Amino acid sequence: MLPYILRRIVSTLPVMAIVALFVFSLLYIAPGDPAVVIAGDQASPEDVERIRQSLGLDRPFLIQFGSWVWRILHGDLGTSIFTNLPVSTMIGQRLGPTLSLMCVTLLLTIAVAVPLGVVAAWKAGSFIDRAIMAFAVFGFSLPVFVVGYVLAYVFALELEWLPVQGYTPLTEGFWPWLQNLILPAIALGCVYIALVARITRATMLEVLQQDYIRTARAKGMGQGGILFIHALKNAAVPIVTVIGIGIALLIGGAVVTESVFAIPGLGRLTIDAILRRDYPVIQGIVLLFSFVYVLVNLMIDVTYTLVDPRIRY
Amino acid sequence: MALLEVENLQTHFRTPSGINRAVDGVSFHVNEGETLAIVGESGCGKSVTSMSLMRLIPEPPGRIAGAIRFAGKDLLKLSDREMRAIRGNDISMIFQEPMTSLNPVLTVGRQIRETLMIHQGLDQQAAEAHAIEMLTLVGIPEPKRRVREYPHQLSGGMRQRVMIAIALACNPKLLIADEPTTALDVTIQAQILKLMLDLKSRVGAAIILITHDLGVVAEIAERVMVMYAGRKVEEAPVAELFRSPRHPYTQGLLGAVPRLGSSLTGAARRLAEIPGQVPDLRKPITGCVFAGRCALATDLCRQYAPGLEEKAPRHIAACHYSAKGAIAA
């Protein structure tokens, strides 16, 4: 097991290298000259040239790439062009809200989507099944920002149950932290819940046809035990896979959700950085998200071995 | 006194092309400690009969009617909860497919423990100890290690032994074995049959053995019921049935059994087959269900269904002609 995990970590290196190359090339692919942008409207050509040199933009591509990678490997993600703060510091400041949002959304999704999918499969073809699947199609089709604004309008502005916007760190208490995250998590989770519920239903439908489910019934097991122990554990591999793939949805959705609910997280930082063409920050964030995604997929592969004893690495 | 009395069992399935009468008016009984074999070819309704007894038929599309009296109680009138208390406890079942009948992601021990914890109220430890005992009983070596293993770590024969251990864990009064040896090697088949017989005499359970293997029937059954197209066509004590089958279908079945050595003794004999196919159970059948394939069928057979009649003591068959000795083998 441990050798497998180590091997997998090593095998992520090429992936990360390609991501790094792509991220670095952004600077060249994107239109506009960062040196001109930073220098501002009033700058003379000499000023622009000076800035270009100080950023190393005048050097050959591979040299620039090499020294960039070298610095990253030493934990230096560069310095923001806009704020002059180290990128790692800026990311560090914004990590908390985004991680909180993603974790709450993930837990909410699992807690809602899996039972919904299981019930839909159990009652396949019934009114409940149809209602759940209709809800899933609906949830899948609505853009995050629409759901977000509607939720904020209804539950925050009209009913005043929850705050409209903002973020409170966990250090200031669990409930203040959570109440700011409930609406964003529902908005962000809609698509995710729909996706996971559908996969859960489809996989469970197949599993419920299996001989061992009949055996469980013949033993006198109750419906709950059959669904959630005998069937769900067998359906777990595809469900876990989709939950993992969905992390990518969360990362993309977090950018929009944080804007809607004014959460000072990485999503907001990403948008700000893009608008300011703050390339070091953009690169740092994309690199971080890619790394998280690769890591999550590794964790999922390891999870397989926990739910299915036939999978051994 | 009969342990199980089945009266006019009808299990029908609604299908897009009509109602499939998989089991259509079957009655039989099983005495305490007795072994009844139900034989017939694929699709004759023998498995559906056994699943109906346990009420394991999904409803809808299935529908079970008639009466299934077990120890005096009509199982068809019980609530789901009451039925669950009977399944695995008073009546348990062994299935045909040992490779797929065990849950692949749960340990063998857990799967045996469950039934003990549901029905006997044992705690985890007591159930574990009993599970190990059961594995020993069904002849699995190193039960303490095996109890923690998963089904894929066991061979087909071992898995069927585990199934038997699960089925017998709560000392059921009735064991339904649906083709328990069909999927196994011949050598393993004999072992499993012997095991079932040993355990039967130990626990005193009655057995309903569903099979199409007449060799198995001859070896372990006391009474045989022959099914065809969802109906009972003949029933007799095993020796009587093999000696003088009264229904042409049963005779056909017996003729279709290959015998070793017949070609060596010079008495080479072509394996007899029953021509034709089982009738479509979605269409109403007038006359004898077997008429379409029966060499002796007459207009009488095609128009009037023969009732079950006692042709000899304890030997009943549904054939217009068998009593007249016209088809005595």
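This is a predicted model: local features need pLDDT of at least 70, side-chain atom pairs count only at pLDDT 80 or more; totals for chains, interfaces and linings use all residues.
Strand E8 covers residues 206–211 of chain B, and five bridges join it to E7(B), the two strands running parallel. E7(B) also pairs with strand E6, residues 91–94 of chain B, again in the parallel sense and over four bridges; within this second pairing, B:Ile94 finds its bridge partner in B:Ala177 of E7(B).

From chain B the view can pass to chain A by way of the contact between them, in which 19 residues of chain A meet 24 residues of chain B. On the side of chain A that touches chain B, the elements giving two or more residues are helix H10 (211–218) and helix H11 (223–260) of chain A, and it is H10(A) that gives the most, with seven residues. Sorted by class, this side of chain A has six nonpolar, six polar and seven charged residues.

Within chain A, helix H1 (residues 2–29) packs against helix H13 (residues 279–307) with their axes 10 Å apart and at an angle of about 155°. Because angles over 145 degrees count as roughly antiparallel, H1(A) and H13(A) are therefore described as roughly antiparallel to each other, and H1(A) passes H13(A) in a right-handed crossing. The residues that meet include A:Ile5, A:Val15, A:Val19 and A:Phe24 from H1(A), and A:Ile282, A:Val286, A:Phe291 and A:Leu298 from H13(A). By class, the contact between these two helices has 17 nonpolar, three polar and two charged residues.

The loop between helix H12 (266–275) and H13 of chain A contains A:Arg276. Is this residue buried, partly exposed or exposed? A:Arg276 has 16 other C-beta atoms within 10 Å and is therefore partly exposed, because a residue needs 20 or more such atoms to be buried and 12 or fewer to be exposed. Between A:Arg276 and A:Val240 there are 36 residues in sequence and 38 Å in space, taken from C-alpha to C-alpha.

Note on methods: Residues are numbered from 1 along each chain as its sequence is written. Chains are lettered from A and ligands numbered from 1 in the order in which they are written. Axes are lines fitted to C-alpha atoms, for helices over the stretch in contact, and angles run from 0 to 180 degrees between N-to-C directions. Angles under 35 degrees count as roughly parallel, over 145 as roughly antiparallel, 65 to 115 as roughly perpendicular and the rest as oblique. A crossing is left-handed if the near helix is turned anticlockwise from the far one by less than a right angle, and right-handed if clockwise. Two residues are in contact if their C-beta atoms, placed from the backbone, lie within 7 Å. Ala, Val, Leu, Ile, Met, Phe, Trp, Tyr, Cys and Pro count as nonpolar, Asp, Glu, Lys and Arg as charged, and the others, Gly among them, as polar. Two strands pair if DSSP finds at least two bridges between them.
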